[in-house]
Amino acid sequence: MTDSLARRLGRTEAFEVLPEAVLPALAAALVEQRLPKGGLLFKDGAPANHDIGLYVVLEGTVAVRVPRLGGGYIEARQVDAGELVGLLGLISPSARRHANVIALTDTVVAHMPRGAFLALYEGHDRLSVAFLRVVGNQLARDLRRVDAALQTAATGKRPDTGLV
């Protein structure tokens with residue numbers, strides 16, 4: 001299982017820059033979790049302390065739903081196989097979760113505890129650069145989606161930006 005997981009990790013945007021020899025150790029540090037369709041990975045407002053770290057979606061798709069002004073939630077993005085979720089909990093471990101993350105399909109994720117990530121991050125400059133790229137790209141996508149959703153909520157019409 002570790003060899004298969006190592007190969008899958010090597011195909012993700014965040015970890016493809018790592019030397020192949022590092023991937024089995026990385027895979028060994030991960031804990032796989034299965035979620036049925038509709039299953040909750042983490043809940044908005046929950047402390048990030050019990051599940052501190054990030055998640056790699058291995059199979060399936062999850063939705064990241066953030067609170068909307070006036071109540072309810074809006075889907076900020078969908079995270080597919082090979083992508084990461086839970087980055088804010090990794091970066092700011094004392095924080096609370098800022099979204100509900102729900103499986104849209106039967107899903108398999110791998111949890112990487114913060115300590116394992118930091119040990120890997122500190123030992124590999126190429127991962128540091130790749131991770132910054134992943135975080136920057138994700139934040140830019142999320143901001144465009146949230147901006148479009150806010151414009152839609154305010155005007156009743158979806159903006160034609162070509163960005164979302």
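Which residues is leucine 54 in contact with, leaving aside its neighbours within four places in sequence? In this predicted model, they are Leu84, Val85, Gly86, Leu87, Leu90, Ala110, His111, Met112, Phe117 and Phe131. Leucine 54 is also among the residues with the most contacts inside the largest nonpolar core.

**Nonpolar cores**
- The largest nonpolar core has 26 residues, and Leu9, Phe15 and Leu84 join Leu54 as those with the most contacts inside it.
- At least two residues of this core come from each of helix H1 (2-10), helix H2 (23-28), S3, H3, strand S8 (107-113), H4 and H5.
- H5 gives the most, with four residues.
- Another core, of 13 residues, lies apart from this one and includes Tyr55, Val57, Val62 and Val64.
- In soluble globular proteins, nonpolar side chains tend to be buried together.

**Helix H5**
- Helix H5 covers residues 125-155 and has 31 residues.
- From first C-alpha to last, H5 reaches 45 Å, close to the 45 Å expected at 1.5 Å a residue.
- Buried residues of H5 include Leu127, Phe131, Val134, Gln138 and Asp142.
- Among the elements that cover the buried residues of H5 are strand S3 (53-59), strand S5 (73-80) and helix H4 (114-123).
- Glycine 156 follows H5 and has a positive phi, near 85°.

**The open sheet**
- Four strands form an open sheet in the order S2-S7-S4-S5, with antiparallel pairing.
- Strand S2 (40-42) and S5 stand at the edges with a single partner strand each, so one side of each has no neighbour in the sheet.
- Neighbouring strands of this sheet are turned by 30° against each other on average, direction ignored.
- S2 pairs with strand S7 (residues 100-103) over two bridges, and leucine 40 stands opposite isoleucine 102 in S7.

Conventions. Residues are numbered from 1 along each chain as its sequence is written. This is a predicted model: local features need pLDDT of at least 70, side-chain atom pairs count only at pLDDT 80 or more; totals for chains, interfaces and linings use all residues. Side-chain values use heavy atoms; hydrogens and water are left out. The expected span of a helix is 1.5 Å times one less than its number of residues. Buried means under 20% relative accessible area, exposed over 50%, partly exposed in between (1.4 Å probe, protein chains only). Contact means heavy atoms within 4.5 Å. Two strands pair if DSSP finds at least two bridges between them. Axes are lines fitted to C-alpha atoms, for helices over the stretch in contact, and angles run from 0 to 180 degrees between N-to-C directions. A nonpolar core is a set of buried Ala, Val, Leu, Ile, Met, Phe, Trp, Tyr and Cys residues joined through side-chain atoms within 4.5 Å.
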